[in-house]
Amino acid sequence: PMDEEGVCGVCSELADYSLSYQRSLFPHFVLHDHIHAKNVWDIANKLAGYFLKSSYTPISYTLLKCASFLHDIGLALPTGVINKLRLSEDDIRGDSPTVLDDLKSKLGPLYQQYFKGGVLRLPETPDQLQLDFVGAYVVRKLHPWLGARYVTDYLPELLKDSSKRETFAGLWNAIAVLVKWHNSNIALRDQVTEIEGGRVELGRLATILRLADAVSYTHLTLPAS
């Protein structure tokens, strides 16, 4: 059977480490750190237990927990890592063309400086960890896509046991979908995937993740289950 807790451990450790730097890298958006990620998971777990009931399987639990911890990982990546992800306009437009339209409207001529050749590239300055406000705004708008790409490109390497990588491939891809779909600008779909013989409705999990994210920002406390 799949080692769900092993995967959750990788995701939570990565969130604790990376998101703890979020305030330094992106001081303009301080509510997306590791504390927020843990709050989102606590809320999402309660919501899933209530709304999903019997369909809240170990696989769904793993997907939701990892996505809760990593949904804002795109806001905690160094500039060099973001540029290596090579996020394209086509990647974004396929999910939400309005995001690019909004960026073009807000940035004006500066837009082309960030999307030369249709691929996102941030200016790299070795002596500067923090992005300026414009760069931080761009990353804030695009962090769901950056986070999803990071999950698929980098997280499999964190599993040292290469014999498990093929087994976990479907899991990473599903986590990446949830990380991307936590953005309310993306229309949810009834996408169903099978992992280790288990059927998972990603649209329902993404709905719970969005709601948990929103509740976290209101500072409401859900009753214990």
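**View 1. The whole fold at a glance.** Going along the sequence, the elements of this protein run α-α-α-α-α-α-α-α-α-α-β-β-α. Keep in mind that this is a predicted model. The tally is eleven helices and two strands. There are 225 residues in the protein, and 49% of them are buried. If you take the contacts with a separation of 6 or more, 74% are between residues 24 or more positions apart.

**View 2. Inside the largest nonpolar core.** This core has 71 residues, and the ones touching the most other members are Leu63, Leu64, Leu70, Phe115, Leu120 and Leu142. Helix α9 (residues 133-154) is the top contributor, putting in ten residues.

**View 3. Zooming in on Phe115.** What does Phe115 touch once its neighbours within four places in sequence are set aside? Its contacts are Leu87, Ser88, Glu89, Ile92, Leu100, Leu103, Leu120 and Leu142. Leu120 and Leu142 also show up with Phe115 among the core residues that touch the most other members.

**View 4. A nonpolar patch on the surface.** Tyr50, Phe51 and Leu211 make up this patch, and together they have about 340 Å² of accessible area. Leu211 sits in helix α11 (residues 202-218). Is Leu211 buried or partly exposed? It counts as partly exposed, because its relative accessibility is 39%, which falls between the 20% and 50% cut-offs.

**View 5. Lys180 and its partners.** Look for Lys180 in helix α10 (residues 165-181). Its side chain makes a polar contact of 3.2 Å with the side chain of Asp95. Skipping neighbours within four places in sequence, Lys180 is in contact with Asp95, Pro144, Trp145, Ala148 and Ile186.

**View 6. Arg199 on strand β2.** This strand covers residues 198-201, and Arg199 is part of it. Arg199 counts as exposed because its relative accessible area is 55%, and the cut-off for that label is over 50%. With neighbours within four places in sequence left out, Arg199 is in contact with Val192, Thr193 and Glu194. How far apart are the C-alpha atoms of Arg199 and Ser60? They are separated by 8.8 Å, although the two residues are 139 residues apart along the chain.

Methods:
Residues numbered from 1 in each chain as written. Predicted model: local features only at pLDDT ≥ 70, side-chain atom pairs only at ≥ 80, totals over all residues. Heavy atoms only, no water. Core = buried A, V, L, I, M, F, W, Y, C linked by side-chain atoms within 4.5 Å. Buried < 20%, exposed > 50% of the residue type's maximum accessible area, 1.4 Å probe, protein only. Helix = DSSP H or I, 4+ residues; strand = E, 2+ residues; numbered from the N terminus. Contact = heavy atoms within 4.5 Å. Patch = residues over 30% accessible without salt bridge, like charges linked within 9 Å, V, L, I, M, F, W, Y side chains within 5 Å. Areas by Shrake-Rupley, 256 points an atom, 1.4 Å probe, with all protein chains shown as cover. Salt bridge = Lys/Arg side-chain N within 4 Å of Asp/Glu carboxyl O. Polar contact = N/O pair within 3.5 Å; in protein donor to acceptor, adjacent residues only side chain to side chain.
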